[in-house]
Amino acid sequence: MRIAGLFSAVALGALALGAGQPQGAAPFQAKTLAFVFDHADHYPGVRMLEASRGADGHFHGQMTSDWYGTIPFDDATLSADGKTLSFETRNINAKEKTRPWTVTASAGGILLTGGIWHSNLHQQGRPAAAAEVKRLAFHPVPLPPFQALAPDGQARTPPMGWSSWNKFADHIDDKTIRAMADAMVSTGLRDAGYVYINIDDGWQGTRGPDGSIRPNARFPDMKALADYVHARGLKLGLYSSPGPRTCAGYEGSYGHVEQDARTFAAWGIDYLKYDLCSGEWFYDNRDTVVRSYAQMGAAMRAAGRSMIFSLCEYGRFDVGSWGRSVGGHLWRTTGDITDKYEDMARIGFDHNGRPGDAGPGGWNDPDMLEVGNGGMSDDEYRTHMTLWAMSAAPLLMGHDLRLTSEAIKRILTNREVIAIDQDARGIQAQALRKGDGTEIWIKPLADGRRAIALFNRGTSAATMRFSPEDAGLSRFASLRDVWGARALPEGTAEMPVPARGTVLLIASGA
Ligand code: GLA
């Protein structure tokens, strides 16, 4: 049972405080209770707890939180000594479907303990004044009905650029973003095709009196930053969430979706990554997740500026089958990548989306690149880059562009590898053979040639055999070793492949 509306400010004023009865000694005597937490834990930011005793003698109530709005509870039971109220709440992202909570009488108020997902809380609360209850109340905003969007002609090939998250997390500011734009140009990465400079989580501040989102103090002028990026032949991306809080706890777009889309357009934003984060509490089934993304998709179209729409909901609810219909140009297929070979390989080999879903206008997104962050060998980074190119995945670099070594630059700017990723037909490679520690993937290209990737997932070098038939050809007319930048002699039928490494071939034939 949800109790929103049961507590009018007037009733609370009278019951909780108006009569001048402090609740500290026996807080559960009253029929209706309200407490505020002045020092709420950052996550999930429980600011208030309200409860009322029903006719059955049990308490019903809710907590109000920054991340999830109202967190309702039912059937709270009072201990025999009348000092502890116990209840359960719905949980997320964990095996336990519910988590237990207790509210204990303490000097001047209550002590709240409980947990949600990976966090445990222990917070001191005090009786709420009626005005506080009103101020802290969460106002749910219904989703509009679903309306499919037609393709807008953008992202004919997978987007290429850079994003701040993998290297900097939310330690970002205007100066760093400008420096990345400068480095994108000076390193030659822009001219290799990387054009988006995407600010991920951590730019948001508070909302103004009219509800419009403002950047935080680290981003004094977002429009000026967009102008700076545009002046260098680059495009600027931004990040938000359909929930009230982003994953790093910044202000999300909940209740302000259309307004935020207009703000982003007015700033000159070219790309939006929309990350479910706290929205998963509100939108926990396919219908509501689809509608929450469709709402922003429609809002971006209505805002009148062409923006790439990046869906980040970790591949839930078969996003590849509906991503385009909400205006999405790319959709994440997994949770987050890290700069470890094992994580990269798990995603790149086995969680890179269904090939049938990818193609001009909409792409499977196995997450941003880690190439250049230092956690993998050059062979492993070449495997990373090859997996993404063969998958027709977006190529969003994630390292400090100022620190691009020559070796890393060679991996990121290999023109032939990029051409495979950006091939006009937009076909995502299929694995031909999988399982014995080596894999052969084939990607048909627009000009009739085939990209053939020989992957060695093992920890020692291997010799891998392949044939024209593997690539659907009767013979090879030409065979090129892409990373080796050389033509291979006629009749080549096997190649040495280093541990966790890759040989990438381009074959023509009949
Ligand atoms: C989630 C996303 C990441 C990144 C962070 C930011 O974890 O999957 O890519 O955007 O949020 O908080």
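Visitor: How much space lies in the largest cavity?

Guide: About 90 Å³ of space lies in the largest cavity. On a 1 Å grid over the protein atoms alone, a cavity is a set of points where a 1.4 Å probe fits but cannot get out. The volume is the space filled by probe spheres set on the points, which are joined across faces, edges and corners. This is a predicted model, where local features need pLDDT of at least 70 and side-chain atom pairs count only at pLDDT 80 or more, while totals for chains, interfaces and linings use all residues. Residues are numbered from 1 along each chain as its sequence is written, and side-chain values use heavy atoms, with hydrogens and water left out.

Visitor: Which residues lie nearest the centre of the largest cavity?

Guide: D200, Y271, K273, M368 and L396, out of 16 lining residues. A lining residue has an atom within 4 Å of a point.

Visitor: And which element gives the most to that lining?

Guide: β13, with 3 residues. Strands are DSSP runs of E, at least two residues, and helices are runs of H or I, at least four, numbered from the N terminus.

Visitor: What lines the second largest cavity?

Guide: Its lining includes V141, P142, L143, Y254 and V257. By class, that lining has 8 nonpolar, 2 polar and no charged residues. Ala, Val, Leu, Ile, Met, Phe, Trp, Tyr, Cys and Pro count as nonpolar, Asp, Glu, Lys and Arg as charged, and the others, Gly among them, as polar.

Visitor: OK, helices now. At what angle do α6 and α8 pack?

Guide: About 40 degrees, with the axes of α6 (residues 257–267) and α8 (residues 286–302) 8 Å apart. That makes α6 oblique to α8. Angles under 35 degrees count as roughly parallel, over 145 as roughly antiparallel, 65 to 115 as roughly perpendicular and the rest as oblique. Axes are lines fitted to C-alpha atoms, for helices over the stretch in contact, and angles run from 0 to 180 degrees between N-to-C directions.

Visitor: Which residues make the contact?

Guide: V257, E258, A261 and F264 of α6 meet Q295, M296, A299 and M300 of α8. Contact means heavy atoms within 4.5 Å.

Visitor: How about α9 and α10, what's their angle?

Guide: Helix α9 (residues 341–350) and helix α10 (residues 378–390) pack at about 20 degrees, with their axes 10 Å apart. They are therefore roughly parallel to each other.

Notes:
1 Å grid on protein atoms, 1.4 Å probe; cavity = no way out; pocket = protein on both sides within 12 Å on 5 of 7 lines; lining within 4 Å.
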